[in-house]
Amino acid sequence: MEKIGVFYGTTGGRTEAVVKKLQNFFPNNECEFFDVAKGISEIKNFNNIILATPSYGAGEVQDDWAGNLSDLESLDLSDKTFALIGVGDQYSFGAFYVGGLRELYNILENKEAHVVGFTENSGYEFDDSPAIKDNKFVGLVIDDSFTCDEVLKRMSAWVQEIKKEFK
Ligand SMILES: Cc1cc2nc3c(=O)[nH]c(=O)nc-3n(C[C@H](O)[C@H](O)[C@H](O)COP(=O)(O)O)c2cc1C
């Protein structure tokens with residue numbers, strides 16, 4: 001498998017901790033990590049790409065992502081395969097659960113990029129979420145309330161799926 005570029009935004013550090021757990025499932029250093037506070041120019045060097053964001057405001061992408069959305073819109077994304085991770089708090093944000101995930105997805109969808117790794121939304125307790133399309137989350141959703149074991153279990157199942165799609 002080609003290398004995977006993992007691009008994440010994080011304000012409190014949780015999303016960074018979540019994405020670093022991917023190393024459990026790609027033990028041969030397949031993942032290269034990029035904090036989008038430093039920009040997203042490296043995306044051009046990867047065909048397998050994971051984008052991760054927590055949600056802030058009313059279901060919006062994290063601040064560093066907000067500053068990079070126009071760059072994402074301007075990139076040539078053909079031949080690339082994307083998978084998304086959203087981090088959020090299902091008990092505190094009403095209808096906006098992991099809304100930032102949807103913001104990233106919408107850009108990719110508008111550009112007709114190849115997005116894989118949709119997941120079932122059972123086993124969560126949110127009111128509503130902009131990140132649901134056709135009854136599925138548009139990526140892997142990790143809640144603040146999850147134990148480490150729950151995170152690893154969901155991530156493991158998701159990684160098995162996206163590995164089938166990555167080049
Ligand atoms: C001011 C504020 C607004 C938030 N808004 C949302 C939201 O709209 N939807 C959601 O699912 N989570 C929301 N959250 C929860 C964060 O996304 C969650 O705590 C996440 O783990 C933070 O990730 P980070 O530590 O990587 O920044 C919000 C948190 C804060 C502090």
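Mentor: A backbone N or O atom of Phe96 lies 3.1 Å from a nitrogen atom of the ligand, which is a polar contact in the sense of a pair of N or O atoms within 3.5 Å. Taken alone the ligand exposes 660 Å², and the protein buries 80% of that, with areas from the Shrake-Rupley method and a 1.4 Å probe. This is a predicted model, in which local features need pLDDT of at least 70 and side-chain atom pairs pLDDT 80 or more, while totals for chains, interfaces and linings use all residues. Residues are numbered from 1 along each chain as its sequence is written, and side-chain values use heavy atoms, without hydrogens and water.

Around the ligand there are 20 residues, of which Thr10, Thr15, Ser55, Tyr56 and Asp144 come nearest; a residue counts here if one of its heavy atoms lies within 4 Å. By class, this shell has eight nonpolar, nine polar and three charged residues, Gly being counted as polar and Tyr as nonpolar. Its largest share, three residues, comes from β3, a strand being a DSSP run of E with at least two residues. The UniProt annotation "domain: Flavodoxin-like", from an unreviewed entry, covers residues 4-163, and such annotations may be inferred rather than shown by experiment.

Definitions and conventions. Polar contact = N/O pair within 3.5 Å; in protein donor to acceptor, adjacent residues only side chain to side chain. Helix = DSSP H or I, 4+ residues; strand = E, 2+ residues; numbered from the N terminus.
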